[in-house]
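Visitor: I am new to this one. Please show it to me and walk me through how to read it.

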Amino acid sequence: MNHFTKLVAAAVLAGATGGAAVAQELFVPNLAYRTGPFAATGIPIMNGQADYFTMLNQRDGGIGGVPVNAEECETGYSTEKGVECYEKLKGEALVTQPWSTGITLQVLPKTNVDEIPIYGPGYGFSPMADGTTFKWAYNTPSGYWDAADMIVQYIEGQEGDLEGKKFAFLHLDHPFGKEPLPVLEQLAEEKGFELVPIPVGLNEMQNQSAQWLQIRRERPDYVIMWGWGAMNAGAITEAVKTKFPMENFIGVWWAGHDADLNLVGEEGAGYKSISWSFPNMDAPVMQDIKEYVVDEGLSQTNPEEMEGVFYGRGVVISAILGEAIRVAQDEYDTAEITPAQLRWGFENLDFSEERIAELGLDGMVPPFQTSCENHTGHSGGWMLEWDGEQFVKASDLLRPNVESYSDLIDSSAAEYAESNAPWPNNEECAATN
Amino acid sequence: MLRDIFITPFVDMVEAPDFLMQVLWEGLVSGVLYALIALGFVLIFRSSRILNFAQGIMVVFAALTLVGLHAMGLPAWIAVAATLAVMFVLAVTIERVVLRPLVGQPDIILFMATIGITLFLIGLGETIFGGENKVMITGELGIPTGDTVLEPFGGLLILQHLDITVVLVAVALVGALLAFLNYTRMGRAIRALGDDHQAALSVGISLQTIWVLVWFIAGIIALVTGIAWGARAGVSFALEVIAYKALPVLMLGGLESITGAIVGGLMIGVLEKIFEIYWGQPLLGGNTEAWFAFVLALIVLLFRPQGLFGERIIERV
Amino acid sequence: MLYRTAGQFKTSYKADQALFPVRQDAILLGVILAFAWVIFPFTASEFAFQTMLIPVLIYALAALGLNILTGYAGQLSLGTGAFMGVGAYACYKMVTLFPWMNPVVAILLSGFFSAGVGVAFGIPSLRIKGFYLAIATLAAQFFLTWLFEKWAWLYNYNASGAIQVPNIQMFGIYVTGPQADSIVQYFLVLGIVTVMTLLCINLTRGTLGRTWKATRDMDIAAELIGINLMTSKLTAFAISSYVVGVAGALYVFMWKGAAEPNVFYIQLSFQVLFIAIIGGLGSILGNFLGAILIVGLPVVLNLVPGALGIPISSAMVEHLNTMIIGALIVFFLIVEPHGLARLWALIREKLIIWPFPH
């Protein structure tokens, strides 16, 4: 019941602040999902995202003096609802945050017509990195292909030679889970390891005994997991049950949720997850959120969730979006920017060490830069390890070898553009190249 | 190709008997859980001709209530009792609000009504408890969590104590249920209603009481299933989809048969696991558990249209 | 008074068997068609097209297909979502394999694929009945959606496993893909739905429709009076699946623009079944009324708090939505188990004798 009252209280406050600022605001809606089978992983991220903007509004009165309205439109991870939200919001929205590969794929072709940037931090369609083809789409600071490359790099660092090794690729049987396959297959060929893809159906997420029996039979050296929502908890409990060595079990950044590991606690120690964000409670921004938002009772979060990886990631996501707004405001010398101006902002992000410190994000995100042709930034990330109670950094900053699959990015982007012909390429970029 | 279908799988089975035993055990445990859900369906179908689609969400709802009440500070066993009380209130409400006004409507209308109940309970559950994945209070309920490792044929066989407990509790529950149905007045009344509605009414059996009772028993089964599944993979709304798993069990076993639900559940649990491991994964790209049970049941139905243990369908003009 | 039928005499069998024996019905339908063809397209916003007008028509068509099978022929099916998927994937394969193909022709042809699959999965209906058959159609549902995921040829070996609708022109205007205007797509959908509805009305009034109804009411009795159950049931499966398949192709090509296999999961089957049942089984009009209710209700419910200025989080709205829709389904089933179409029939009857009820 406590949860319920908090939800209502937060909603009332959010509505009150949002309603008062109708006259002049930066409208950055979020296609959130706090319901449905994936809600468990959605809620902490959405809380982090919302709290960062509330903090900016409380502390600085918004960005450039204009308050931010980060209204949520609930999708329940359903593509249909997501598209409905998109259509409803596209009149006023500065940005689309689709929050699912499915919704991204639906909205992506419409961006050229509607001219609103898509911001899919760390998810979506990997070839979106190619800014010359995808003028309006951004998956900063890192994409799935970067993740796949970094994970293999990390294992190589541990094992030395990968020749003859066997990796099981446990993934959700869904566009999201299939995303990294092209890069993993290419790496398998280059480095000589064997890749065994093991799909988990959407209806089997909670009952993965067949998949883990297969893993037991195949005896892979490592299990790489592309999981989301209820699938992660299922996989981690099964791994513990079947006594798979946890230190050889590595997930993508969406499979590194504290609550999933809490299910197994100590027994999950050693589990790893690659991540481009890190929850640093000592960072100034977290202190400010605590002071201006949480202590004021403006947040839906709780102390335990706030220390988690996903909440911190939500904060980073909003911080990148906020920075894009700021960059655009400076460039065009106006506080109330348009979607097209925000697009320019996304393209000219410079998250240098100094800038990260100025934003108070110390140690929470690796430095990266975007440009006209590079919409991802390829920030790299850290390998996080579950020590039985929380995630800790288990590696230095890893950087993906983007060159090794840049051909793949180009060819996939070209293929996408061709099958969606006529597809307008970003001519400005092509000119500078 | 033919070799892959007809020879290799069996060679694999013989070569690694410990692995085969593990597969059988995993299948058996899933089968017990399928059987439990199917049992909830059968009880309600027998007494009221309703295919209760809401059984799946009742599992989630019961587990969520239990965890939620415990989080509010109730000791584990008192929370169980309180959850049972909630399930009873739910049974009475469903009988009063939904079933009574719909008496005598065609089967499909009642079926749709239970889907309506499902949606309502999903919304209600998310409003009250939120959508986060929750940890089942396994330890507090005194359910063992360790495992026993056996080494048959020099191999490896891992038996979770949790799974063993689930099997034992399920057996006890089914035993108690059968005793209740066979040796108590109320239980006999339920069976009488299942055999012949009008005859049962004419000897003074109250339809309303029985319906509340049956829905309540389905609620108890839902709670046990919810604890078992929740302990395995956490409690979240994604659990709701396991209701679909009970449907092929019902087809296979027959909609009215308690024996059918149990045998059907075990059969499907074991066979789908074996098919997935030895044929599905090597030959078909995996994930065949999504449909195998349905196709198996369909094939059986072609030969026995009322399921393995269903009552013979006699049609008159 | 407005609906008085007195004075409209039928002087021939032909007149008595006409589609609209009562003049007012024809007038009313004319008004509705005028709205659909003229007034809506020129007043609706992009949002209205995308969330109301186009989906209502497509869902109504899918429900119409299901209604032929369930409402007229009495065979309960829970596999509608997968049959829509067959239509959509067939259409996708055709337009990518034969880029010269006219998209409307492709959409209409794709129905034949789902009809074929429908007949194959309809064969068990000759032996299995009632709920057993309903669960058997779930075999189709789960098997086919599994196939959409595993058979990479179906989605042209895309890395993501999703299908993307290409931009296709017809007479120099884009009709599918992101370049197409909503209004163009709306007119195409409306055209196809109007024609198919008209065909279905006539089918259900003819010999075939009467055969189906006899099968539905009691198949043994129907067999005794000389109806071939096999033809009756299988034609119902074929025609129903054809309509459903066309609806599926429209669903992806004229509305969503892209689809992953999980779009066609069982939730879609239930959605369509809701529409058919709330609208009224065995009624053509009901499908449209049901679609308006089931598609429109969540959209309206989502807009209500904003319009009234009630501050409430969107997650809360979604939870309440689910609850309200669940409760409304139960409510409608209790109030009028025969659906909205029956409700309209009652109103119409009242209108005919109004204002002198005696």
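Visitor: How many bridges join strand S8 of chain A to strand S9 of chain A, and how do the two strands run?

Guide: Start with the general idea. Strands of a sheet pair through backbone hydrogen bonds, either parallel or antiparallel. Here, 2 bridges join S8 (residues 249-251) of chain A to S9 (residues 272-275) of chain A, and these strands run parallel. Two strands pair if DSSP finds at least two bridges between them. Strands (E, at least two residues) and helices (H or I, at least four) are DSSP runs, numbered from the N terminus.

Guide: A word on the source. This is a predicted model, in which local features need pLDDT of at least 70, side-chain atom pairs count only at pLDDT 80 or more, and totals for chains, interfaces and linings use all residues. Residues are numbered from 1 along each chain as its sequence is written, while chains are lettered from A and ligands numbered from 1 in the order in which they are written.

Visitor: Which residue is the bridge partner of Ile250(A) in S9(A)?

Guide: Lys272(A) is the partner of Ile250(A).

Visitor: In what order do the 7 strands of the open sheet in chain A stand?

Guide: The order is S6-S5-S7-S8-S9-S12-S13, with mixed pairing. S6 (194-200) and S13 (391-393) of chain A are the edge strands; each has a single partner strand, so one side of each lacks a neighbour in the sheet. On average, neighbouring strands are turned by 25° against each other, direction ignored.

Visitor: Which strands does helix H6 of chain A touch?

Guide: H6 (residues 144-159) of chain A packs on the sheet and touches S7 (222-226), S8, S9 and S12 (382-386). Its direction makes about 130° with that of S9(A). Contact means C-beta atoms, placed from the backbone, within 7 Å. Axes are lines fitted to C-alpha atoms, for helices over the stretch in contact, and angles run from 0 to 180 degrees between N-to-C directions.

Visitor: At what angle do H6(A) and H8(A) pack?

Guide: The angle is about 30°, and the axes are 8 Å apart. The two helices are therefore roughly parallel (angles under 35 degrees count as such). H6(A) gives Trp145(A), Ala148(A), Asp149(A) and Val152(A) to the contact, and H8(A) gives Val183(A), Leu184(A) and Leu187(A).

Visitor: How many residues does each chain give to the contact of chain A with chain C?

Guide: Chain A gives 40 residues and chain C gives 32. On the chain A side, the largest share, 8 residues, comes from H1(A).

How values were computed. Contact = placed C-beta atoms within 7 Å. Parallel < 35°, antiparallel > 145°, perpendicular 65-115°, else oblique.
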